Amino acid sequence: MQGEVPQAIIKKTYAEAKEAALWYDKVFGRGNFYMELQHHPGQNDQKFANGGMLQISKETGIPVVATGDIHYTKAEDAETQDILLCIQMNRKVQEKNRLSLMEFHLYMKSPEEMEEFFKDIPEAISNTQEIVAKCNYDIPLGETQLPYFEVPKGFDDKSYLRHLTQQGLEKKYGTAITQVHKERMEYELSIIEKMGFPSYFLIVQDFVNWAKNQGIVVGPGRGSAAGSFVSYLVGITNLDPIKYDLLFERFLNPERISMPDVDMDFADDRRDEVLEYVRKKYGNDHVAQIITFGTMAARAAIRDAGRALDYPYDYCDKTAKMIPMFSTIAAALEDVPEFNNFYNSDKDAKKLIDSAKNLEGVCRHASMHACGVVITKEPVTNYSPLQRITGKGDGLVTQYSSSTKSSYVEKIGLLKMDFLGLKNLTIIQNAINIIEKTQGVKINIDDIPLDDDPTYKLLQTAHTTGVFQLESSGMKRYLKQLKPNNIEDIIAMVALYRPGPMDWIPDFIDRKHGRKRIEYIHPKLEPILNKTYGVAVYQEQVMQMAQSLAGYSLGGADMLRKAMGKKIPELIQKEKIKFIDGAVANGVNKKDAEKIFAFIEPFAGYGFNRSHAACYALVGYQTAYLKARYPAEFNIERIAIEVEEAQDIGIAVLPPNVNESFGEFAVIKDENNKINIRFGLKAIKNVGHTVADEIVKERKKNGKYKSLADFLERVITKDLNKKSIEALAKVGALDDLGERNQIIENIEMILNFSKSIQKINSANQDTLFGAMEIKTPTIKLDISVVATKNQRLHWEKELLGLYVSDHPISEYKYFFEKMTTPISELDSSMVGKSVKIGGVITKVQRIMTKRKQNMAFVTIEDLRGRIELLVFPNALESTGAVWQEEKIILADGKLSDKDGSFKLIVDDAKILNEEEMNKFKRILVTQEKNNHAPKKIKAQKLTITIPPTADKSTIGKLSKLFDSCKLGDTKVFLYINDTKMQTAYSLELRNYFSRGN
């Protein structure tokens, strides 16, 4: 009813309707324009419009056609669609005066129903088939549609790519060009030309080199593209594939022609500049990003449906939590008895769950793919419909999606590539800029030495927080054991540190350090595996083994790798026969050939792409180099997670201050020329860029702020409101001008003062003599209680994301040193054993297990470390009151290193309260009476085994004895009933356990 012709009829302007119909008929040509009739018996406007269009049809010969407006498939889905509409519009089903389509019956009607509806207008039905016959568009699939790249006069795409490649060869190697370089270059160019992809390489090198010339940090490459020597020579990648044994066939396989896939990493704050360059070069209408769809998962569907049905939040939340994570509603009804019983016993639950089940999997929203971009030869609309995404400005997206399962944009032959923004490249870029400003040193990150001793020392000591790919607690532990001293070790760790190959890390480390002998099933394996100490780590090694031992081409070897990776038994068996026959023909003993195939098979399934590992290892090394050589300039970009390490190397991290801070974090020098890092104003939650910029700009112009009144008079912006002033005060940014709590308690007075200043400024603008006309008021704050340390730290954590001025457990430092194992001192020798740790709770996440029991993941931190605690249902039930953020606790449990990082499986936990502290003080007093001066504890251990036959009083006697002992460097453990427990004691043994005591 919303078309121009029916709307004119409804408005009773028949002549205009007829005129419009004739105009459309003329524009599209006779027989190509139809007037649409629909069946909505409850809508008088529809009947009236249908009648008018039939009249026009009789008078003009313009045909009519019957159509059905379809919003859902089945009639019974009407209610679900109504709920979905409410979800989208944030309305309730029972609300009146809201949009509802229930009365329109917008389901897919059967042919029989449509014939019945339009039985008096048979031509309206027959015309539908007429239209079907005219719709014969065929979408060609598999035809590559590369955009046109303009080359200089005298070149075509092939000769120009050869020209650039030759230039790159001479630039990178000069007089050191070898026959190997020439042959590899020629081989790759011949394959690229044969496969028809020269222009692809020209397009990519163009925008990559443009970005580099603009000072945008570009990643060294990612994925298999780094195996291409041509890509290296023309500047697409930055890793020599010959030097690092990277295979071209892992990127382009001449035995299986498919579009190259080059994904590029750019500094994430300048990625859009590269995209804009591409748009300008090829035309806005030739470049589009790719659509992606968000769908409703089971739990979200329950909560959304419940909100639309106006059910209580707690009720919906309880229902949603009965569904296991990643489960569907149907599976949960089958697998979770509690959920099934709830569904069958509660009518509201049944309605809620049925509604959510119908919504589950429905597309909730369309958005822009994070990095996917298509560049087309003709305007994008020649290949794909487009859509504008709300809130994305002029950004258009293809309505064909791209995913690992079904990349429709690639199926229709479009050039799709990923422009990825990588935060670590921004960190590198910003650090380089800061180093140049503060130190006068200009660094080309692509030219740094790969044998830098300080860098490897940093890696060996695992000070790798903020180092790309190498900062997890598990990775740090392995780095300490591995002690990497070359780039190959880093490449291997990037590849090994993931499920599957992770089990080989201890073996890899032992072989590197000679604790385990390196052996090879066959001598031909040694040149392939020697860099990884005999451990198969990379997919490329699998390919090389197939080539060297069984005579595969590298293209065929890649097919073997894929067959093994897919774990299809028939394919594997077929390849096994081929491999063994090839190996035997190549002089390998059949028994050894079988062993080698068995050795290869598991690695092919989880081996990592060496090209990708090498590229990311290089970025990891680059960030480590900057951190080792320029710690202050590097740490400034990672300050929220680097405070402990910054302090460890003597760099003070200072809270924000309106008289010293800039918008971003800044390196500053104190009066003793010592480098410190000052928090940026923009890092404060609720302050915002406008306020931060205005504070800095005014300070630069007229000097430091002398008082709170001076600050309020000079910082003139409407965004300096209650929220922003409170935030500045809470984190200490106004400490030079007033006490934190006093400012917060007087906020209304401060706001009134600020408003009066604004009025004066406004009035001054209207006078001839400006500020001289009206006297500025002064401000005097009421006295209030000074903020406590805990208040200050709570505010800092809330608004900065970390504790800056102090730490909640600093006053308990001595206690934790004596009574617990510091988190940073946990090591692999403690795995599986009982330990006691302590700290402040920074995060609590509760989940429901598949058995419908609550458990919690809790993060605690002490002064130098952080660890996750796993609180399973039984432990949670007995310790439930403990798990609150900002509580300082003691936790006992077994140390686990599952997934490569330490976690504590909690047995017991308690809040560190006054009783615990008094107990600790009594021990100290006892020792002081015996002239036992406490001293710092080192991690030595004494384990006392209590036999099962021992009397209960034995523990009490030991405790009494320990209380009288001198504090020392030996921690005491008790071994009772096959369980090892750490006590609260650290003793100086000397003669206490000698004969006679």
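**Exercise 1. Ile192 and its surroundings**

Task: Find which residues Ile192 touches, leaving out those up to four places away in sequence.

Solution. 
Step 1. Ile192 touches Leu161, Phe197, Pro198, Phe201, Val230, Phe248 and Leu252. Contact here means heavy atoms within 4.5 Å.
Step 2. Ile192 is part of helix H8, residues 179-195. Helices are DSSP runs of H or I with at least four residues, strands are runs of E with at least two, and both are numbered from the N terminus.
Step 3. Check its cover. Ile192 counts as buried because its relative accessibility is 0%. Buried means under 20% relative accessible area, exposed means over 50%, and partly exposed lies in between (1.4 Å probe, protein chains only).
Step 4. Compare sequence and space. Lys158 and Ile192 are 34 residues apart in sequence, and their C-alpha atoms are 9.0 Å apart.

A note on the source: this is a predicted model, where local features need pLDDT of at least 70, side-chain atom pairs count only at pLDDT 80 or more, and totals for chains, interfaces and linings use all residues. Residues are numbered from 1 along each chain as its sequence is written, and side-chain values use heavy atoms, with hydrogens and water left out.

**Exercise 2. H7 against H9**

Task: Work out how helix H7 and helix H9 cross, and which residues make the contact.

Solution. 
Step 1. Take the axes. Those of H7 (residues 157-173) and H9 (residues 198-213) come within 8 Å and cross at roughly 50 degrees. Axes are lines fitted to C-alpha atoms, for helices over the stretch in contact, and angles run from 0 to 180 degrees between N-to-C directions.
Step 2. Name the arrangement. H7 is therefore oblique to H9. Angles under 35 degrees count as roughly parallel, over 145 as roughly antiparallel, 65 to 115 as roughly perpendicular, and the rest as oblique.
Step 3. Find the hand. H7 and H9 cross in a left-handed way. A crossing is left-handed if the near helix is turned anticlockwise from the far one by less than a right angle, and right-handed if clockwise.
Step 4. List the contact. H7 supplies Asp157, Lys158, Tyr160, Leu161 and Leu164, while H9 supplies Pro198, Ser199, Phe201, Leu202 and Gln205.
Step 5. Sort these residues. The contact has 6 nonpolar, 2 polar and 2 charged residues. Ala, Val, Leu, Ile, Met, Phe, Trp, Tyr, Cys and Pro count as nonpolar, Asp, Glu, Lys and Arg as charged, and the others, Gly among them, as polar.

**Exercise 3. H4 against H16**

Task: Describe the packing of helix H4 and helix H16.

Solution. 
Step 1. H4 (residues 78-89) packs on H16 (residues 347-359) at an angle of about 80 degrees, and the axes are 10 Å apart.
Step 2. The two helices are therefore roughly perpendicular to each other.
Step 3. Glu79, Thr80, Ile83, Leu84 and Ile87 of H4 meet Lys351, Ser355, Asn358 and Leu359 of H16.
Step 4. By type, that contact holds 4 nonpolar, 3 polar and 2 charged residues.

**Exercise 4. H21, H22 and the cover of H22**

Solution. 
Step 1. Asp489, Ala492, Met493 and Leu496 of H21 touch Ile505, Phe508 and Lys512 of H22. Of these contact residues, 5 are nonpolar, none polar and 2 charged.
Step 2. H22 is mostly covered, with 6 of its 8 residues buried.
Step 3. Gly514 follows H22 and has a positive phi, near 75 degrees.

**Exercise 5. Thr237**

Task: Is Thr237 buried or exposed?

Solution. 
Step 1. Thr237 lies in the loop between helix H10 (229-233) and strand S3 (263-267).
Step 2. Thr237 is buried, because its relative accessibility is 2%.
Step 3. A polar atom of the Thr237 side chain lies 3.3 Å from the backbone nitrogen of Tyr232.

Definitions and conventions: Polar contact = N/O pair within 3.5 Å; in protein donor to acceptor, adjacent residues only side chain to side chain.
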